Amino acid sequence: MDPIVSTRGLAKDYGRSPALRSIDLELGPGITGFLGPNGAGKTTLLRILATALEPSAGSVRILGHDPTDPRARIEIRRRLGYVPQELGLYATFSAFDFVDYVAILKEHVDRRARHDEVRRVLDEVDLGDVRSKAIRKLSGGMRRRVALAQALLGDPPLLVLDEPTVGLDPEQRVRFRQLVSRHAERRCVVLSTHVTEDVEALCDRVVVLHDGAVVFDATPAELAALAAGRVWVADLADDGAHVSWRTGEGRYRMVGEPPPDADLIAPTVQDGYLLLGGGIAEGSAA
Amino acid sequence: MIAAEVQLGRLEGGRVARNPLVWLALALTALWVHVAEPVDLYHLLAGYGMVLPAFVTMVVLGLATRRSRRTGAEELLDTLPAGPVVRTVALGTAACTTGIVALTVTVALLAYRWPSAGLGTTDDTLPSGIDLPSPNLAQLLQGPMALVVVGVLGVALASWMPTWVFAPALVLPAMAQILWFGIWNGEELGAASWWWPWSTGWVHGEWVGCVDGAPTCSLQVSGFDGVTPWWHLGYLVALAVLLLMIAVLRHRRDRTTWNAFGLSVAAVVALAAAQAVVYERFVPVGAG
């Protein structure tokens with residue numbers, strides 16, 4: 001089966017600053033999470049996949065089309081859902097009107113069918129009750145859900161979500177995970193996040209970007225496994241640890257090279273990611 | 001794709017038509033008509049009453065045009081299959097929706113103050129025997145149509161305006177029009193007069209009431225011209241299309257758009273020039 005997204009030697013420069021360097025990826029159905037520090041190139045990559053930005057070098061194919069061809073780009077956009085990092089919602093519009101506005105621009109031109117679809121996606125993100133409310137009167141989490149609702153219009157085969165869980169409370173985050181995982185059963189969902197718990201709970205695959213390059217590409221379990229034997233707890237902080245913090249239980253949780261008698265615990269995706277960032281697991285990176 | 005423009009125009013038009021500022025302006029027009037002396041009523045019904053609603057529509061549509069840039073929504077909108085041309089044309093369609101609202105209000109005001117001699121006639125209602133003109137159908141349509149033109153002007157200006165520093169560019173044309181009308185009203189029409197949206201051709205020459213020995217007459221209204229209003233209505237339609245093409249050229253510069261632009265320029269020039277040729281010359285009372 002052809003991948004839904006594939007890139008070869010993808011690069012993007014902003015003037016003389018390289019934002020992405022030679023990215024090779026193939027993405028199929030399922031959820032792929034992009035992790036990385038600020039400035040790693042996550043948003044640039046997602047904007048290219050969403051056809052908002054053209055690459056400086058390399059090739060991209062999305063849903064079987066080359067987005068640098070204007071006609072093909074339109075075809076991609078017809079089958080794409082995108083939530084940008086900066087939502088840019090129209091504050092004076094109601095949630096319904098805004099999603100309806102986007103639906104028209106997605107060429108849902110049959111009025112009755114479009115309104116049914118708008119109601120469906122708003123219900124799906126639990127905004128059915130407040131659909132007539134002006135967006136400026138909605139909470140930050142609700143606004144995020146309005147943005148997600150417009151991306152779900154037409155049940156697109158490719159969903160690109162840039163920091164989709166920012167501002168969601170724990171209950172909404174769980175609801176978001178349910179929604180996206182259900183959507184991803186037959187479709188490709190690409191998301192960027194700083195929240196490693198989301199990656200752990202949601203993603204089939206995690207790609208870590210650092211300085212515009214892929215430094216890890218495997219499953220979340222494999223990312224967590226990078227830190228196996230390197231996470232421990234102790235009553236006092238160890239200066240040799242890569243990172244350490246005091247937990248609610250009053251003990252210190254540390255990631256790095258443990259002392260011989262360390263009280264080792266099971267690692268998480270966050271631990272693996274922190275080790276990647278510190279370069280300790282450099283040899284393990286893909 | 002036309003369907004998307006129509007549907008979005010419907011949504012945008014609905015928003016403008018629900019805008020309280022537009023209705024406030026229309027209410028002020030209604031108040032103006034209510035208190036107007038019979039001698040002024042003709043001007044208000046024949047278009048000038050729509051100056052304020054048109055100005056408000058221009059500002060509202062200008063703001064709507066800038067909305068995506070103001071809110072940072074361009075990144076999302078740039079990933080949708082229907083692009084900025086559809087959004088621009090939809091805002092032009094929204095101006096038409098507001099024009100329909102203005103036409104409805106004009107008809108209501110006309111019904112409220114129906115000229116006793118009927119439409120497109122003169123009426124001896126003043127004690128001094130002065131003939132008061134009443135607007136004909138074309139003149140009644142010119143107010144709402146001029147509102148459409150000025151609304152699309154707002155779309156065109158906002159489309160090309162790089163930043164809000166240039167916002168006065170939205171206001172000045174409207175103010176110039178209003179002030180120019182005030183200064184010019186009562187003067188004899190010249191060739192340049194036909195280029196203004198509200199140059200509806202009801203004044204040229206002297207007012208029939210201003211004969212020798214008559215009380216001081218500040219206005220020199222001759223009656224109305226039955227020919228030019230139809231030409232001027234066509235001129236306004238062409239001008240609206242031209243302004244919309246100017247807005248569209250901000251986003252698309254293909255041959256079709258340039259052709260439409262060229263045709264609308266030709267139509268505007270031809271229809272404006274034709275008015276200066278075909279208008280009815282005033283013959284003062286008692287002349288010859």
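Is V35(B) buried or exposed? V35(B) is exposed, because its relative accessible area is 55% and exposed begins over 50%. The model described here is predicted.

## A nonpolar patch on chain B

V35(B) sits in helix α2 of chain B. This residue also belongs to a nonpolar surface patch of about 650 Å². Helix α2 of chain B spans residues 20-35 and gives the most to the patch. Its contribution is six residues.

## The largest pocket

The largest pocket has a volume of about 390 Å³. Its lining counts 17 residues. Nearest the centre of the pocket lie T92(A), F93(A), R15(B), N19(B) and R67(B).

Two helices of chain B, α1 (2-17) and α4 (51-71), each supply at least two residues of this lining. The largest share comes from α4(B), with six residues. By class, the pocket lining holds seven nonpolar, four polar and six charged residues.

## Cavities

How many cavities of 30 Å³ or more are there? The count comes to four. The largest cavity holds about 90 Å³ of space. Its lining includes V83(A), V125(A), R144(A), R145(A) and L148(A). P164(A), L168(A), Q172(A), R175(A), F176(A) and L179(A) also line the largest cavity. The elements giving two or more residues to this lining are α5 (140-152) and α6 (170-183) of chain A. The largest share, four residues, belongs to α6(A). Seven residues of the lining are nonpolar, one is polar and three are charged.

The second largest cavity has about 50 Å³ of space. Among its lining residues are T29(B), V33(B), L44(B), L45(B), G47(B) and M50(B). The lining also includes T106(B), L109(B), L140(B), G143(B) and P144(B). Four helices of chain B each supply at least two residues: α2, α3 (38-45), α6 (84-112) and α7 (137-160). The largest share is three residues, from α7(B). This lining has seven nonpolar residues, four polar ones and no charged ones.

W160(B) and T65(B) are 95 residues apart in sequence. In space, their C-alpha atoms are 10.0 Å apart.

## Salt bridges in chain A

Side chains of opposite charge can pair when their charged atoms come close. Over all chains, the structure holds 24 salt bridges. One of them joins R78(A) to E75(A), with the closest N and O atoms 2.6 Å apart. What separates these two residues along helix α2 of chain A? They are separated by about one helical turn, because they are three residues apart in that helix, which spans residues 70-78. R78(A) is partly exposed at 40% relative accessibility. E75(A) is partly exposed too, at 32%.

R114(A) forms a salt bridge with D100(A), and here the closest N and O atoms are 2.5 Å apart. R114(A) lies in helix α4 (residues 111-124) of chain A and D100(A) in helix α3 (residues 95-105), so the pair ties together parts that are 14 residues apart in sequence. Both R114(A) and D100(A) are buried.

## A link between loops, and a network

The side chains of R187(A) and D155(A) also meet in a salt bridge, at 2.9 Å from N to O. This pair links distant parts of the chain, 32 residues apart. R187(A) lies in the loop between α6 and β7 (188-192) of chain A. D155(A) lies in the loop between α5 and β6 (158-162) of chain A. R187(A) counts as buried because its relative accessibility is 12%, and buried means under 20%. D155(A) counts as partly exposed, at 32%.

Definitions and conventions:
Residues numbered from 1 in each chain as written. Chains lettered and ligands numbered in written order. Predicted model: local features only at pLDDT ≥ 70, side-chain atom pairs only at ≥ 80, totals over all residues. Heavy atoms only, no water. Patch = residues over 30% accessible without salt bridge, like charges linked within 9 Å, V, L, I, M, F, W, Y side chains within 5 Å. Areas by Shrake-Rupley, 256 points an atom, 1.4 Å probe, with all protein chains shown as cover. Salt bridge = Lys/Arg side-chain N within 4 Å of Asp/Glu carboxyl O. Buried < 20%, exposed > 50% of the residue type's maximum accessible area, 1.4 Å probe, protein only. 1 Å grid on protein atoms, 1.4 Å probe; cavity = no way out; pocket = protein on both sides within 12 Å on 5 of 7 lines; lining within 4 Å. Points joined across faces, edges and corners; volume = space filled by probe spheres on them. Nonpolar A, V, L, I, M, F, W, Y, C, P; charged D, E, K, R; others polar.
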